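Hi,

Here is the model we talked about, with sequence and coordinates together. Have a look, and then read on for my notes.

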Amino acid sequence: MSYLLLTLLLLPLVGSAVVFAWKNPASKFLALGFAFAQMFLSFYMLANFDHTVTVDGVLQYEINYPWSQFIKSNLHFGIDGMSMLLLLLTNILTPIIILSSFNEKPGYRNTFYGLILLMQFGLIGVFTSLDGLLFYIFWEVTLIPIWLIAGIWGQENKKIAFTTKFFVYTFVGSLFMLIGLIYVYTHSASFALTDLYNANLNASEQTVIFWFIFFAFAVKLPIFPFHSWQPDTYTYSPTQGSMLLSGIMLKMAVYGLLRYLLPITPDPILGISGQIVLVLAIIGIVHGALIAIIQNDSKRLIAYSSLSHVGLMVAGIMASAILTVNGTLMIEGGEGALVQAFAHGINVVGLFYCADILYKRFKTRDIRQMGGLAKAAPKFAVLFIIIILGSVGLPLTNGFIGEFILIKSIFDYSKLAAIFAGLTLIFSAVYLLRFYGKAMFGEGDDRVLASAEDLSGVEFSVLTSLAVFVIVLGVFPQPIIEMVNSSLKFIFSSMMN
Amino acid sequence: MSVLIIIFLTAIAALFAGVFEKGKFSRYISIIGLLVAFYVSFLPEAEFFNQYKHMFEYTVNAALFTKIAIVITILLFFLGGFSFSNHRSHQSELYALMLFSLCGGVVLFGFQNLVTLFLGVEILSIPLYVLAGSNKTDLRSNEASIKYFLMGAFATGFLLFGIALVYGSAGTFDLYKIHEFSMENSKDFMFAAGAVLMLVALAFKVSMAPFHMWSPDVYQGSPSLITAFMMSVVKISAFFAFFKVMTIGFQGITGEWINILGVLIIITLFLANVMGLAQSNAKRMLAYSSVSHVGYLALIFFGLNNLSAYNLAFYLFAYSLATVGVMMCLIWVEKLKRETSYNAFKGLAQSEPIIAVAAAVGMLSMAGIPLTAGFMGKFSIFAQAIETTPFLVLVAVLGSAISIAYYLRLIMVMFFPKESSFNTSERVPLTYNIVAVFIIIALLALGIFPDLFARQFGL
């Protein structure tokens, strides 16, 4: 069965090579074809995936080859529930993201699609590798394509500044993670995940490693004081770049927190480090939401809302982790974070796409200059509100269940923390509904509104497919929760001893 | 030894070929001679050449480094032909001088005696003093030559004085006898002083801060192909000699010099990377980057194990390949634009995608981005040193974090503008594209399958 995973891993790489080589406007259809093939392959794997196994047998579709005789590292890939969920997210969003760019002007487009597929290759590598060095390598592989996408197609006058900032920030973060992993490796038998879990590190070593590894994830997410690259990059990247970054790439860090940070260094969580992270995350929630409220630039608003939502995921994970190391096994935080990661991926891609549609109609990102589009574009108004409500976390949309579990898990740890974390629900309603209200209702520029068209075919199909996910997962979230259950039990119970 | 003789004869042949033809001919002779030498370096050493027992030894490591140096030199000769010097009529002498310098390198790979070490250093350096000034009408090139010569003479002085002190206390020039002496007499002051002086001299040669002051000027002033040669082949040779002297000869008194080296590493990493960030000229930036790589390399002295020499070879090979990749691009830009500021590279990827990609992969490799050989090189050196000196590794990591910014700048200038600023119809010659493809494949292959290198070189 492992050939399935190998195909899943290599298909985007082959696809990107083919698309790179084929300099033709039609290469976009080829890229879409590869992305769809990839999506169906992952559905097929999901259908054959066994959710009911116990903690010991969580890994499926394993591939394991020796890699280097000098570095004790193997080409080891495999999927458990957590990987499966994020693989699905990647492979569902990639075709949608590719499709969403079909109306853009051509201009080296085959390079653009080649880079998206290359990015997909890196992401799948991150979510399936079971070896520390491999994880780091794929983690960096994702960086180059997104940097090139942001740099080549980003906003002309700003791109040197923001792409440098973005690249340097994330690269520095990952270097610290590398050092942390190497240090653990020198104390364990190999880079294999289980060996890293069982490395004998004393408490003070673990504390240093914790912060080194956490730094990489904190930058990528981003957590409060490390977020200054994020608004610029999300704003000035091309829409597809922002979608890739916020929709999929930041989930790498959520995944990394659960898969690497918590099990390798459980000791510092028992001390004060875990609480510091929790506090930083909650500051991020409130800080991001407050700035989003006063924001007039639509993409910047989404960027800060993303900061706020991510903070909630980290706070939930840390709350459960702290409780677990103190002796009560709690996996709810992890569950909530993963469900929310999936939902946030769908919603934020939708939000960025809506912002892009608004930009095309109004020729501005300033939401004060928008207005009244609901009359001219009723189909858009309906689909836009579904996406908005999903992000706000209205019950029966996909955003609700994750936020609910997360706030409950924070509540279990501390009621005060839950009160602050819960502010995200109120604030997100404030800024997102303000955004929607300004853009869709009220007085608008008559000339713009007279010529404004409703959704084109491409736009309609992208938004509809996202909206379907928003509602279906909102009504029926149970499969996702079951999918990640056993792998989270394994991770959290390994922290206890 | 037979490799050395073949390279030497090739150099003579290349020199005399210049009598009949202007350069092209001697370039072919040089490449063919080097290919023969490369083939011979895989064969076991013949009995006849093995009689210089206590002067020269052809060990596994020597063979490994010889192969690397020959491969890099061949690649550089493929690039040769223009921008070499503005004196087109004296091309064959330049090829011959590069080959003589390579001879010095091979002597350094196999020295077993401090006299051979000294000979090797001089044979390596003296042709370079001439080569640096081979652009006779260019003031900068003349300055480079003089500066390099004066600084080289200083370093020679230090080296000789160090050797004299070592000889004075140990009573021998033989590296292995010095090793035994150092193991037994770890408190001998004169011996330790000799070791430190030799350390300083070799730090001059590999351009380690604060003894690097000559190198940015020399690297910038020399013709670009010569600069590439200095950054790659010369660095490989000098660093391996450095490594061999310190780890074999002075192993017993490691405590006396290792801390000095640690301080030098910190200064190098900090100074070179910060200065690299401040440059506006690509060639000068690469010069500082070259200095900074000595800082990462010198971490090899910490936490030594039996794979250290192999890791050193891997890093040097990866770095040299990357250097050839970037310098190739620079040579082409310099030919068309007559300058090497960052702006000169604007939009290169649009007109010459293959060499631009080679340069980009080279710089990503220098920065240590995964899937390139540079990452594997840095990784193995860091993993080796982290056990004994985590602090130095942290400094090195911060250094490479700074370095990424200046590499990115050049890549961005090449790739991000949508229009090319290269309006001429002139295209790069085929040999450049061949070398570029070779470098891209080699850097990625070594990054993805790090064991490939070991198998190729008989480990």
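**Notes on the model**

Leaving aside residues up to four places away in sequence, Thr397(A) touches Leu389(A), Gly390(A), Val470(A) and Gly474(A). Keep in mind that this is a predicted model. Thr397(A) sits in the loop between helix H17 (378–392) and helix H18 (398–413) of chain A. Its relative accessibility is 8%, so Thr397(A) counts as buried.

Next, the rings. Over all chains there are 56 aromatic pairs. One of them is Phe135(A) with Tyr260(A), a stacked pair at 4.1 Å centre to centre with 25 degrees between the planes. Phe135(A) belongs to helix H5 (residues 132–141) of chain A and Tyr260(A) to helix H11 (residues 239–264) of chain A, so this pair ties together parts that are 125 residues apart in sequence. Both partners are buried: Phe135(A) has a relative accessible area of 0%, and Tyr260(A) has 1%.

Tyr436(A) and Phe441(A) make an edge-to-face pair, with 5.8 Å centre to centre and 75 degrees between the planes. Here Tyr436(A) is buried at 7% relative accessibility, while Phe441(A) is partly exposed at 46%.

The charged end of Lys244(B) sits over the ring of Phe111(B), 5.0 Å from the ring centre. Likewise, the charged end of Lys337(B) is placed over the ring of Phe422(B), at 4.1 Å from its centre.

Then there is helix H11 of chain B, residues 254–278. The buried residues of H11(B) include Trp257(B), Ile258(B), Leu261(B), Leu264(B), Ile265(B), Thr268(B), Leu269(B) and Ala272(B). As a reminder, an α-helix has 3.6 residues a turn, so residues three or four places apart point the same way. What do the buried residues of H11(B) pack against? They pack against helix H8 (189–205), helix H10 (224–249), helix H12 (282–297) and helix H17 (390–415) of chain B.

Last, the cysteines. How many disulfides are there over all chains? The count comes to zero. Among the cysteines, Cys354(A) is buried with a relative accessible area of 0%, and Cys329(B) is buried at 0% relative accessibility.

Cheers

How values were computed: Residues numbered from 1 in each chain as written. Chains lettered and ligands numbered in written order. Predicted model: local features only at pLDDT ≥ 70, side-chain atom pairs only at ≥ 80, totals over all residues. Heavy atoms only, no water. Buried < 20%, exposed > 50% of the residue type's maximum accessible area, 1.4 Å probe, protein only. Helix = DSSP H or I, 4+ residues; strand = E, 2+ residues; numbered from the N terminus. Contact = heavy atoms within 4.5 Å. Disulfide = S-S within 2.5 Å. Phe/Tyr/Trp six-rings, centres within 6.5 Å; stacked < 30°, edge-to-face > 60°. Lys NZ or Arg CZ within 6 Å of the ring centre and 35° of its normal.
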